[in-house]
Amino acid sequence: MTDAAPRQTLQRLDESLLTGLPPFSRLARRDVRRILDQASSRRYDEGAVVFEEGAEAERFYMLLDGYIRVIRITASGEQVIALHIPAGQLFGIAKALGRTTYPARAETASEAIALSWPTRLWDDYVRDYPGFATETYRTVGERIGEMNTRMVEMATQQVDRRIANALLRLINQTGRKVAGGIEIDFPITRQDLSEMTGTTLHTVSRLLSAWEKQGLIESRRKRITVLDPHALVLLSGAELP
């Protein structure tokens, strides 16, 4: 089910939810209040589809809690995970790309809470609020850069390096320290990793099992913990300082 009819799930939201986030950090408190009063809020279960690729971009979103998985469908019908978006970032910002439809599917990688606004308000926010456009387009640039990096990896790197790079990106973006290592802070399966790296589930399972035996990672119940990040850096082929 998509987010065609967002429903209000929270009480009146406090301005502090947005004041520290880049698109809104330069705004006066009264302006943040006005923006929040124009938003709808919704809580999503893990695995919920927020919007589909190619659907009319009727709303744009701010993720308050959880993680969003951005998914593209290739010409041959294969599913590719293009990005993971953490809390505190805008998504569904088709307007910033000059599009009227969403370029990818957005699906929750964990339970999530998001605000959303009608896309018709986008031009008003860009015009009226200093820093909104600047920070938004910076975010777009960073995401395009990450996707380009991954395209180069898939075209030029061996599978083990691609998977090592994917795990390193995830712990850099979403990792949390736990006993013995750094855990990716949302549920992730071996199938997810195969879709992120353009390889087969069998290959991902074989490599992760080997890395577990070597003490590099721990994998259980949709949770992956990196026990030896330095070893993964070496496997990824990255140059050490």
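**View 1. Helix α4 gives the largest share of the second largest pocket's lining, 5 residues.** This is a predicted model, where local features need pLDDT of at least 70, side-chain atom pairs count only at pLDDT 80 or more, and totals for chains, interfaces and linings use all residues. Residues are numbered from 1 along each chain as its sequence is written, and side-chain values use heavy atoms, leaving out hydrogens and water. Helices (H or I, at least four residues) and strands (E, at least two) are DSSP runs, numbered from the N terminus. A pocket, on a 1 Å grid over the protein atoms alone, is an open set of points where a 1.4 Å probe fits, with protein on both sides within 12 Å along at least five of seven lines; lining residues have an atom within 4 Å of a point. Look for Met147, Arg150 and Met196 among the lining residues here.

**View 2. The largest pocket holds about 370 Å³ of space.** That volume is the space filled by probe spheres set on the points, which are joined across faces, edges and corners. Of its 21 lining residues, Val70, Leu83, Leu97, Pro103 and Met147 sit closest to the centre. Again α4 gives the most, with 4 residues.

**View 3. Strands β9 (residues 175-178) and β10 (residues 181-184) run antiparallel, joined by 4 bridges.** Strands pair if DSSP finds at least two bridges between them. Lys177 has Ile182 as its bridge partner in β10. With 2 residues between the strands, this hairpin has Gly180 at a positive phi near 95°. On to β12: there, Ile182 has Val226 as its bridge partner.
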